[in-house]
Amino acid sequence: MTDPINPLRDPRDRRLPRVPEPCALVVFGVTGDLARKKLLPAVYDLANRGLLPTDFVLLGFARRDWDHGDFEALAKSAAKEHARTPWREETWARLIGNVKFVPGAFDDDEAFDTLAQTLRDLSESHGIRGNAAFYLSIPPAMFPIVLKQMQRTGMSSNEISGGWRRVVVEKPFGHDLQSGLELNHLVDEVFTANDVFRIDHYLGKETVQNLLALRFANMLFEPVWNSNYVDSVQITMAEDVGIGSRAGFYDQTGAARDVLQNHLMQLLALTAMEEPVEFSADALRTEKLKVLRAVSLPEDLKAYAIRGQYEQGWLAGERALGYRQEKDVPADSKTESYAAVRLGVQTRRWAGVPFYVRTGKRLPHRVTEIALVFRKAPHLPFDATDTSELGNNQLVIRVQPDEGMTLKFGSKVPGSTMEVRDVAMDFLYGESFTESSPEAYERLVLDVLLGDATLFPRNDEVEASWRVIDPLEDFWTGQEPEFYRAGEWGPKAADEMLARDGRAWRRP
């Protein structure tokens, strides 16, 4: 028994990736940065790995006066420039006949009628059997218009299409709890709930998934993964870039809504969750939701919820503009480019353990990590050891860019005295495995086509996250942010926040 796509693949072997059914991937906003840099390369990489069905169609939709040939040229250029796997003309030759384009605006009824008819025609000409996934690579304000157009034309209906129809919604999932509830209601009204995939690309990263393997496939870590041994948890997402050309979006959003509400709350949930009964979408989401509903804000928000904004400074030897000097940013903008907050998780496992969460732009370098800082040994019998220099044991999971893990612990210094110093033991994905990790969008696009929702947040997770972020935003409204120079690790108030608890931020 063999697989027609890859004769070496035995479809009964669950260790090997599955290949989706014949289907189409429809990308709205296909000429935007996300589609060009992530989605189109992901499609090519999946084809290169033999993970797309023979009967697969990539269908682009955008406001461009193009034909199929123009779109093919864009798709090829994007794939060659940004693909993870090597370029192979034979792979592209297999794809090229299945790349289509429909021009039109989101409020253009005729264009959506054409798109619906194109999908019906493809069922006959390319054998997609009515199966299609719709990727909304568009501004959030456009979601309702496009969703209603799909509802009007019947494109969202499994029954009308004769196959499955799924939709991928990019974050942010609303602007606050109320808008998040409204968006969830609309999406679930147009598509069935099981066919809605709210994408958070951080959950597609190999290291994030390895966090689950680290905890639940080993006996070594889980016994100490609790308040008896853990002093605190730090979750950091640092970026060295500014806002670039995203001022129109970013100045209305800010760091807390852009990153804290989704990426970092999901990382917190995966860190603090209990073991699921199985590795399935429902079981994983159930445990994450318990954590998100148990998250508590500090009583003193002024001391433990810090928002900052970068000023002009130096980064990597070059002068960097301040936030208010960026193109299209108002000169008096109060939008935060940095947010740090102390959260609690009110469960038996984590009661009393602070979770320090921070994100910021124009920080010294790009890094995302989860650090468990353990309690110090209650007694050190070594006279030659300077206890002030011996730090806490730490387990650090590096999500990006150097995917891996670091274990920091005390070890004897060679010599005649019993002196103990901190050392670190590193595990790097790139050194331990010969195969490079799939790009996050590569994994998640494949999961959408397979109908596997394990790595996608559910609507109640989104709502639980907004219930944490909304009070922060209400507290911050109208306040001037704390300032920090580009190239620094955030405002002084963020350092003072941890110093107040007798702790300090890790320097990644």
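Colleague: In which helix is the place of Tyr429?

Modeller: Tyr429 is in helix H13, residues 429-432. Helices here are DSSP runs of H or I with at least four residues, strands are runs of E with at least two, and both are numbered from the N terminus. This is a predicted model, where local features need pLDDT of at least 70, side-chain atom pairs count only at pLDDT 80 or more, and totals for chains, interfaces and linings use all residues. Residues are numbered from 1 along each chain as its sequence is written, and side-chain values use heavy atoms, with hydrogens and water left out.

Colleague: Why is Tyr429 called buried?

Modeller: Its relative accessible area is 11%. Buried means under 20%, exposed over 50%, and partly exposed in between (1.4 Å probe, protein chains only). Tyr429 is therefore buried.

Colleague: What is Tyr429 in contact with, leaving aside its neighbours within four places in sequence?

Modeller: Contact means heavy atoms within 4.5 Å. The residues in contact with Tyr429 include Glu206, Asn210 and Ser437.

Colleague: What makes Tyr310 and Tyr323 an edge-to-face pair?

Modeller: Rings of Phe, Tyr and Trp (its six-membered ring) pair if their centres lie within 6.5 Å; planes under 30 degrees apart count as stacked, over 60 as edge-to-face and the rest as tilted. For Tyr310 and Tyr323 the values are 5.8 Å centre to centre and 90° between the planes, so the pair is edge-to-face. Tyr310 lies in strand S9 and Tyr323 in the loop between strands S11 and S12, so the pair ties together parts 13 residues apart in sequence. Tyr310 counts as buried at 1% relative accessibility, and Tyr323 counts as buried at 0%.

Colleague: How do you know that the charged end of Arg500 sits over the ring of Tyr304?

Modeller: The term requires NZ of Lys or CZ of Arg within 6 Å of the ring centre and within 35 degrees of the ring normal. The charged end of Arg500 is 5.7 Å from the centre of the Tyr304 ring.

Colleague: Why is the meeting of the Arg152 and Asp113 side chains called a salt bridge?

Modeller: A salt bridge is a side-chain nitrogen of Lys or Arg within 4 Å of a carboxyl oxygen of Asp or Glu. Arg152 and Asp113 are at 3.1 Å, N to O, so the term applies. The pair links helix H5, which holds Arg152, to helix H4, which holds Asp113, 39 residues apart.

Colleague: What makes Arg152 partly exposed?

Modeller: Arg152 has 41% relative accessibility, so it counts as partly exposed. Asp113, with 37%, is partly exposed too.
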